[in-house]
Amino acid sequence: MLEAMSSLLVTGGAGFIGSNFVHYVVQHTDHDVVVLDSLTYAGDEASLAGLPADRVRLVVGDVADAEQVDPLVAAADAVVHYAAESHNDNSLADPSAFLQTNIVGTYTLLEAARKHGTRFHHISTDEVYGDLELDDPEKFTPETPYNPSSPYSSTKAGSDLLVRAWVRSFGVEATISNCSNNYGPRQHVEKFIPRQITNLLDGVRPRLYGEGLNVRDWIHADDHSAAVLRILEAGRIGETYLIGADGEVNNREVIETILTEMGRSADDFDHVRDRPGHDMRYAIDAAKLREELGWEPQFTDFRSGLRDTIAWYRDNESWWRGQKAEVEAKYAKAGH
Ligand code: NAD
Ligand code: TDX
């Protein structure tokens, strides 16, 4: 149980979902936050702009660096571990950083949490469960067997298993959450939704992998942050909570919605080479989180959430412009 004014160590807090969580914590609690982030291509200090300096401090460092991690974990009441290499397409081009950050980084943090008896919450993904058929009546539950497809999801699965083992073997006070696809402000332009929005702002047609029938279960990052906070406050040690907001939409429909919201014709996009090993469908059954912890999503209208997200990218070009050309060059090289 977290005290009302605690000190949280948030790893990866300069990335998309981690920075959303830091903003959320500042707005909704009295906790202080130390962000540990190595500012890879995906991390940006600008994502923490405007936060009060007396409550949020950024430490630039690597989660796999035990010497740097140890005193930070010792000083924290709880660790919330977001830091990861997070993009499937990058993991197909070169998996090595995924092994180092997602596996060795998580191991390093767990060892420090064990040594100092620090509460630990591990942020993971629904991709550890593999994928579902389009007509599968079941969704992912905490009992679904692990079956990851990509180097990214396999390293996230490995990190989850480390957390489970450290709970059982060493009594580390940890919880795990596996969330579905997030959208919202400050998501890197390599990801599906911001890539298409910023392409359109640049006058470039959106790029749909294959036929675009793949389904993702979209949740707004604010709803993810609220769920993580609930788990920190009231989650049971050793448990896994699945986070999702019943937001299943296929990729083609997402592109069509973005196009129409940006005043373009719904068929104004290009099909490009499919992702190798492309997972067909993710879908989360969040009954445990809803019933046990009383969490409910606030963003239940995907079109309106997308509209706000489009407006954010339109209004914050300085945040994303510096990343755009390099990302598109990487995609062009990969045939996308
Ligand atoms: P992101 O790529 O936007 O951010 C990752 C952050 O981690 C960056 O700030 C980066 O600088 C930092 N980082 C990377 N390696 C590091 C290291 N070795 N040491 C310290 N910091 C490091 O990722 P995201 O989309 O915000 O995802 C955050 C977490 O949420 C990840 O664990 C991811 O697996 C999980 N997740 C993401 C989604 C999604 O839809 N994006 C869904 C479910 C779960
Ligand atoms: O240009 C594109 N065109 C396209 O059709 C891109 C970049 C993606 N896609 C497709 C691939 C996926 O089916 O869109 C879907 C979403 O792609 P991503 O944004 O790359 O996300 P995904 O691979 O589903 O993984 C995301 O959700 C789970 C996050 O990146 C992970 O970190 C998280 O664990």
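**A first look at the sheet and its helices**

Val80 has His121, in β5, as its bridge partner. This pair is a handy place to start exploring the structure, which is a predicted model.

- Strand β4 (residues 78-81) and strand β5 (residues 119-125) run parallel and are joined by four bridges.
- In general, the strands of a sheet pair through backbone hydrogen bonds, in either a parallel or an antiparallel way.
- Here the pairing is parallel, and seven strands make up an open sheet in the order β3-β2-β1-β4-β5-β6-β11.
- At the edges sit β3 (56-60) and β11 (240-243), each of which pairs on one side only.
- On average, neighbouring strands of this sheet are turned by 20° against each other, direction ignored.

**Helices across the sheet**
- Helix α4 (residues 96-116) lies across β1 (7-11), β4 and β5, and runs at about 160° to β5.
- Helix α7 (residues 221-234) lies across β4, β5, β6 (174-179) and β11, at about 145° to β5.

**Helix α11**
- At Lys324, α11 bends by about 40°.
- Lys324 is also one of the buried residues of α11, along with Trp319, Trp320, Gln323, Val327, Glu328 and Tyr331.
- The buried residues of α11 pack against α3 (88-93), α6 (192-201), β8 (207-209) and α10 (302-315).
- After α11 comes Gly335, with a positive phi near 80°.

Methods: Residues numbered from 1 in each chain as written. Chains lettered and ligands numbered in written order. Predicted model: local features only at pLDDT ≥ 70, side-chain atom pairs only at ≥ 80, totals over all residues. Heavy atoms only, no water. Pairing = 2+ DSSP bridges. Helix = DSSP H or I, 4+ residues; strand = E, 2+ residues; numbered from the N terminus. Axes fitted to C-alpha atoms, helices over the stretch in contact; angles between N-to-C directions. Contact = heavy atoms within 4.5 Å. Bend = angle between axes of the 7 residues up to and from the residue. Buried < 20%, exposed > 50% of the residue type's maximum accessible area, 1.4 Å probe, protein only.
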